[in-house]
Protein chains: 2
Amino acid sequence: MTASSVSRRRLARGSLSRQGIVEAALRLLDEEGPDALTFARLGSALEASTTAVYRHFASRDEIVVAIAEELDRISLDGYEPADDWRDSLRDLAWRAWRTASEHPAAAAAAMHRTTRGIHELRAVDAVLQAVHEAGLRDEDAAMSYAVYSHLVLSVCSQHATRLVSVAAEGEEGWVQVYHPTDPAAYPYAVQAAPHLLAIDHTEVFRRQVELVITDVEARAGRAGV
Amino acid sequence: MTASSVSRRRLARGSLSRQGIVEAALRLLDEEGPDALTFARLGSALEASTTAVYRHFASRDEIVVAIAEELDRISLDGYEPADDWRDSLRDLAWRAWRTASEHPAAAAAAMHRTTRGIHELRAVDAVLQAVHEAGLRDEDAAMSYAVYSHLVLSVCSQHATRLVSVAAEGEEGWVQVYHPTDPAAYPYAVQAAPHLLAIDHTEVFRRQVELVITDVEARAGRAGV
DNA sequence: AAGTCGTAGTCAATAGCGTTAACTAACTTG
DNA sequence: CAAGTTAGTTAACGCTATTGACTACGACTT
């Protein structure tokens, strides 16, 4: 008869919203890992019933897309084009990397999806602006946009996936765990093993990004600024 | 009294094997899409019981890893290093792309995973051999290996994911479907829209691969062959 | 202030999922 | 041919996403 015994009270009407649900989902993924995104756990995180979220999202998939859009929003928050288009592309790339690193479970689940949302559009526009400033137009601009964006998103998404799988298992060494029947058959791998272990993934990404920027530079130069 | 009425007969003892199961799983994914990989459907595809596969794989995850290894095997089948290391890297990259294109559902589910299997090791060794022939050693070789491999695998994996999601939905246009409140706020995207639609993903991948090869070339030249 | 109405949140039910334990019969071994 | 292993089966479990029916909150009317 009191308001609640163990919290059996019905939630007030405006309690849930798409944004609030997405934030709860992101928090859940950050804190409890990639398997935490279920209607049951999301409901209890919001102190609501298991199916309450269905009033705001038609399916689990729709939540994932909304999370992707939220990651876009977080990544772009406060972004301004730099004076040099190269720095703009660097900034955008590292924002994606940073988001993948800080929200690995969410990024692994959502980053590879296309959202058609407003923040995704902002990101597309920002990249296109940079290659425009570099001097590229039309097909050339679109092509370089794709070379850059697909690379950055794919690699960041993969990075996030690696982070969650490393968190799950213990990520052992390299050639050691292969136990090939004949190690001599893979001489280059055997010899490179220690160096492969020492690889800094952040540095790898840096080099990949610089590669694309250099390429845009070269193509813009050839086309004439 | 006959052997079977509707196929109620118990399977003979050696009927199932890891390789056979993996092949059935791959066929299932190819023919019925990314959601077809369940114990129930895999069992009935093998004319076995739902749980028979557990005698050969400890979990669903282990099947996925085995599929990844099978994709590695398919990709590398018949591979021989070329005379020019550049052609070796091209060959390896396009083999991955081809596999992702031909087995999109399987590639989307498995390609992003590390298998620690023998064919993965073969691939690692092949890439390292190529960068070795280019003239890179030790840390330089390992770094360029990573730049190349992460790019190729990430992008091919993403390509596979795009193929299955295109198959599911109808992949609409671009800026058209964004319906931004203020299209004028995204001038570059609006203007580029038709060119973005016309992008050839295969050509994008070709350029990304050439980018890395050129980079390896430059670094090898600097280090002195 | 009472009435009505759309709908956000809840409840109950369902089919399908991965996984486990117990069972049984086919093959292997002595 | 007897005993023992174990691949394949059966039945059950808890969890999942999703659905339809229910209900009560709060915004509209007048």
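Me: What lies 3.0 Å from a backbone N or O atom of Phe39(B)?
Reply: In this predicted model, that atom of Phe39(B) has a phosphate oxygen of DNA strand C at 3.0 Å.

Me: And Tyr54(B), which part of DNA strand C is 3.2 Å from its side chain?
Reply: Again a phosphate oxygen of DNA strand C, which is 3.2 Å from an N or O atom in the side chain of Tyr54(B).

Me: Switching topic: how much area is buried between chain A and chain B?
Reply: About 5300 Å² is buried between the two chains, and carbon and sulfur atoms give 66% of that area. The contact draws 57 residues from chain A and 57 residues from chain B.

Me: How many salt bridges does the rule find across that interface?
Reply: The rule finds 2 salt bridges between chain A and chain B, and Asp215(A) forms a salt bridge with Arg207(B), where the closest N and O atoms are 3.0 Å apart. The count of residue pairs in polar contact between these chains, with both residues at pLDDT 80 or more, is 12.

Me: Which element gives the most to the chain A side?
Reply: That is α7(A), with 15 residues on the side of chain A that touches chain B. By class, this side of chain A is made up of 27 nonpolar, 14 polar and 16 charged residues.

Me: Now Gln208(A), where does that lie, and is it buried or exposed?
Reply: Gln208(A) lies in helix α10 of chain A, which covers residues 201-223, and it counts as buried because its relative accessible area is 1%, under the 20% limit.

Me: What does Gln208(A) touch in chain B?
Reply: Leaving aside residues up to four places away in sequence, Gln208(A) touches Ala146(B), Val147(B), His150(B) and Leu151(B), as well as Leu151(A) and Val155(A). The side chain of Gln208(A) also reaches the backbone oxygen of Val147(B) at 2.9 Å.

How values were computed:
Residues numbered from 1 in each chain as written. Chains lettered and ligands numbered in written order. Predicted model: local features only at pLDDT ≥ 70, side-chain atom pairs only at ≥ 80, totals over all residues. Heavy atoms only, no water. Helix = DSSP H or I, 4+ residues; strand = E, 2+ residues; numbered from the N terminus. Buried < 20%, exposed > 50% of the residue type's maximum accessible area, 1.4 Å probe, protein only. Contact = heavy atoms within 4.5 Å. Polar contact = N/O pair within 3.5 Å; in protein donor to acceptor, adjacent residues only side chain to side chain. Buried area = accessible area lost by both parts, 1.4 Å probe. Salt bridge = Lys/Arg side-chain N within 4 Å of Asp/Glu carboxyl O. Nonpolar A, V, L, I, M, F, W, Y, C, P; charged D, E, K, R; others polar.
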